[in-house]
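Welcome! Please take a look at the structure first.

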Amino acid sequence: MKINNKKVVIVGAGAVGSTYAHNLVVDDLADEIAIINTNKSKASANSLDLLHALPYLNAAPKNIYAADYSDVSDADIVVLSANAPSATFGKNPDRLQLLENNVEMIRDITRKTMDAGFDGIFLVASNPVDVLAQVVAEVSGLPKHRVIGTGTLLETSRMRQIVAEKLQINPKSIHGYVLAEHGKSSFAAWSNVTVGAIPLTTWLKKYPNPEFPTFDEIDQEIREVGLDIFMQKGNTSYGIAASLDRLTRAIFRNESVILPVSAYLTGEYGQFDLYTGSPAIIDRTGVRAVLELELTQEEQEKFKASTVLLKENFDSIKEKCTL
């Protein structure tokens, strides 16, 4: 990790990549931001637009430019936010159905990145993120702790916001995690959610709230709200870009913070050899450790069912994961 020049390469200048690049500038996280896009003129325009914002921001001067894969060799972080042109939700919101469209593209991007001599950390936001994070790990050959998917960071943020609104509490005081697939089989580990230091279940008994939804209803809202946003504006960008920004900050500032990411399991929750959403310690090395929550029997069953689905999907494209 370079000390004097923190460099991020973003592959994909769509809504997510562009919003993330803006967050990097506003939060003053990177000194060098290189943007790779199939339409290089768009990457160049985004770069100029970001540079023109600098004089009015509380951020140091930066080198921001449209890039090629030759620019990734000295990058600290490469962020994959690209999706194949035909990879859209359409009428069916299942992210796993994006796999066929995106796997070839992500494999190609990973190969080009590694051929250029990259030796940093991959952050993967392209969907289906859990399976594609594993594709990147297999194709790149990098240690698994240096390939991180955004996982359930966004679902967890949504859960905190929804609960906070119902309780009229600052969402920063809501603690807990959504686990498993970034998609239809995700679920909040409600047995671990707290308001401050008070378990949410205890809070609701002590301070009855007839307006508070059931946990199943909130889980459903968390799973469906992304599609609602997508159908109304054509993308989801701010939330996922903020998730990538949070991960980048944790890495560059060596925070050792616990975040729910798509991480590689090696026995946690009784699962092996797959990427899925779980809290993990993030520092400048990537995933320092994957943490295993104590789950109820029902939560354990939900987690296992989700991993079965992810394994089936990865196995369907496993033969494509060769460098």
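Let us begin with Pro-128, whose place is in the loop between β5 (121-124) and α4. Helices here are DSSP runs of H or I with at least four residues, strands are runs of E with at least two, and both are numbered from the N terminus. The peptide bond that leads from Asn-127 into Pro-128 is cis, with omega near 0 degrees.

Some notes on reading the model: it is predicted, so local features need pLDDT of at least 70, side-chain atom pairs count only at pLDDT 80 or more, and totals for chains, interfaces and linings use all residues. Residues are numbered from 1 along each chain as its sequence is written, and side-chain values use heavy atoms, with hydrogens and water left out.

**Helices that pack together**

Two packed helices are described by the angle between their axes and the distance between the axes. Axes are lines fitted to C-alpha atoms, for helices over the stretch in contact, and angles run from 0 to 180 degrees between N-to-C directions.

| Helix pair | Angle between axes | Distance between axes |
|---|---|---|
| α1 (residues 15-26) and α8 (residues 238-252) | about 45 degrees | 8 Å |
| α4 and α9 (residues 297-317) | about 45 degrees | 10 Å |
| α3 (residues 99-115) and α4 | about 35 degrees | 9 Å |

Take α1 and α8 to start with. Their angle makes them oblique to each other; angles under 35 degrees count as roughly parallel, over 145 as roughly antiparallel, 65 to 115 as roughly perpendicular and the rest as oblique. On the α1 side, Val-16, Thr-19, Tyr-20, Asn-23 and Leu-24 take part, and among their partners in α8 are Tyr-238, Ile-240 and Leu-244. Contact means heavy atoms within 4.5 Å. Sorted by class, the contact of α1 with α8 has 8 nonpolar, 3 polar and 1 charged residues. In this sorting, Ala, Val, Leu, Ile, Met, Phe, Trp, Tyr, Cys and Pro count as nonpolar, Asp, Glu, Lys and Arg as charged, and the others, Gly among them, as polar.

Now return to α4. With α9 it forms an oblique pair, and α4 passes α9 in a right-handed crossing. Asp-130, Val-131, Gln-134, Val-135 and Glu-138 of α4 make this contact with Leu-310, Asn-313, Phe-314 and Ile-317 of α9. The classes here are 5 nonpolar, 2 polar and 2 charged residues.

α3 passes α4 in a right-handed crossing too. Residues of α3 including Leu-99, Val-103, Ile-106 and Met-114 meet Val-131, Leu-132, Val-135, Val-136, Val-139 and Ser-140 in α4. This contact of α3 with α4 has 9 nonpolar, 3 polar and 2 charged residues.

**The cores**

In soluble globular proteins, nonpolar side chains tend to be buried together. Which residues touch the most other members of the largest nonpolar core? They are Val-261 and Ile-282, in a core of 86 residues. Helix α4 gives the most to this core, with 8 residues. A nonpolar core is a set of buried Ala, Val, Leu, Ile, Met, Phe, Trp, Tyr and Cys residues joined through side-chain atoms within 4.5 Å. Buried means under 20% relative accessible area, exposed over 50%, and partly exposed in between (1.4 Å probe, protein chains only).

Leaving aside neighbours within four places in sequence, Val-261 is in contact with residues including Ile-148, Leu-153, Leu-247, Ile-282 and Val-287. A second, separate core of 17 residues includes Val-178, Ala-188, Trp-190 and Val-195.

**Residues in the loops**

Gln-168 is found in the loop between α5 (153-167) and β7 (174-175). Its phi is positive, about 55 degrees, although Gln-168 is not a glycine. Tyr-269, in the loop between β12 (257-266) and β13 (272-283), also has a positive phi, near 60 degrees. Are these two buried or exposed? Gln-168 counts as exposed at 74% relative accessibility, whereas Tyr-269 is buried, with a relative accessible area of 13%.

Lys-144 sits in the loop between α4 and β6 (147-149), and at 26% relative accessibility Lys-144 counts as partly exposed. Beyond its neighbours within four places in sequence, Lys-144 is in contact with Ala-137, Glu-138, Tyr-264 and Tyr-275.

Terms used:
A crossing is left-handed if the near helix is turned anticlockwise from the far one by less than a right angle, and right-handed if clockwise.
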